[in-house]
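User: I would like to learn how to read strand pairing and confidence in a model. Please take me through the sheets one at a time.

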Amino acid sequence: MLNKKMFLFMFAFSMLVGAPMYSYAADVQTDVVTEEDIATEMDTVSADAVSAYNVEGSLFQQIVDLEQEKVLMELEKERAQLNLELDRLAAEKIKLHMEIEELSGRAEQQQKELENAQAKLEAEAARLEREKEALEAQTEELASRAAYSANNSYSSGEGEQPAVNFDKQYRLVNVIGVGSQLQAKIENLSTGQSKIIGVGKIVDGYIVQSISLDDGVVFSNGEETQTLNISINK
């Protein structure tokens, strides 16, 4: 398309410039120059003009270069925008991961706090249970001392049979432990309640003198001794 336009341009230019020359030649040599010679000469001039035309540095080339630069700038702008979007997405991804890790850490911390609270409650419950058992033991010991005092007063004043008969009132369930750490489990036949006793404990005013697998449990109030043996359990 460019070559055709240039050809027409050069042809018109040659007509304007060459027409007086041809007219002058026709006046001088009317009998020599023919139409065929004119056509040939015009073709030669047009061909030379087309071949001599240099596109480099022309207005057309400048326009093409400007259009290419404009397209390249638009592409570069779009690429920069895409890079910004990618950076934003990467930052959002990092932020999301941090939030997930933070939530996970909070869940683990809450779980640990709940476990610690539960452990504290269990420890408190165990402590209260021990205090309860100690209080019950103290109550039993005080009751036994009171009974012991009453039995001593009764025995010294009347000389009758003791109020406590271990063989009729208690049953020796079993003897547990080893060596000097032996303990005995006895059951009150009237109430059905059981308790564990050791050497030195007071039961109904009697002190536990000894515990053995062969002899059972020996009780003493200082004046008399009673034995609760497994072989005679009821």
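Analyst: Start with the three-stranded case. An open sheet runs in the order β1-β2-β3, with antiparallel pairing. Its edge strands are β1 (170–176) and β3 (194–198), each of which pairs on one side only. This is a predicted model: local features need pLDDT of at least 70, side-chain atom pairs count only at pLDDT 80 or more, and totals for chains, interfaces and linings use all residues. Residues are numbered from 1 along each chain as its sequence is written, and side-chain values use heavy atoms, with hydrogens and water left out.

User: What counts as a strand, and what counts as a pair?

Analyst: Strands (E, at least two residues) are DSSP runs, as are helices (H or I, at least four), numbered from the N terminus. Two strands pair if DSSP finds at least two bridges between them. In general, strands of a sheet pair through backbone hydrogen bonds, either parallel or antiparallel. Here, six bridges link β1 to β2 (residues 183–188) in the antiparallel sense. Within that pair, N174 faces K185 of β2.

User: What is the strand order in the open sheet of four strands?

Analyst: The order is β4-β5-β6-β7, and the pairing is antiparallel. At the edges lie β4 and β7 (225–228), each pairing on one side only.

User: Now walk me along that sheet, pair by pair.

Analyst: β4 (residues 202–203) joins β5 (residues 206–212) through two bridges. I202 stands opposite I207. These strands form a hairpin with two residues between them, and D204 in the turn has a positive phi of about 55 degrees. Next, five bridges connect β5 to β6 (residues 216–220). I211 has V217 as its bridge partner. Finally, β6 and β7 pair over four bridges, with V218 partnered by T227.

User: Where does the pLDDT fall under 50?

Analyst: pLDDT is the predictor's confidence in each residue, from 0 to 100. The protein's mean is 77, and 69% of its residues reach 70 or more. Residues 21–30 stay under 50, and the model gives them three contacts (heavy atoms within 4.5 Å) beyond four places in sequence. Residues 156–161 are also below 50, with three contacts beyond near neighbours in sequence.
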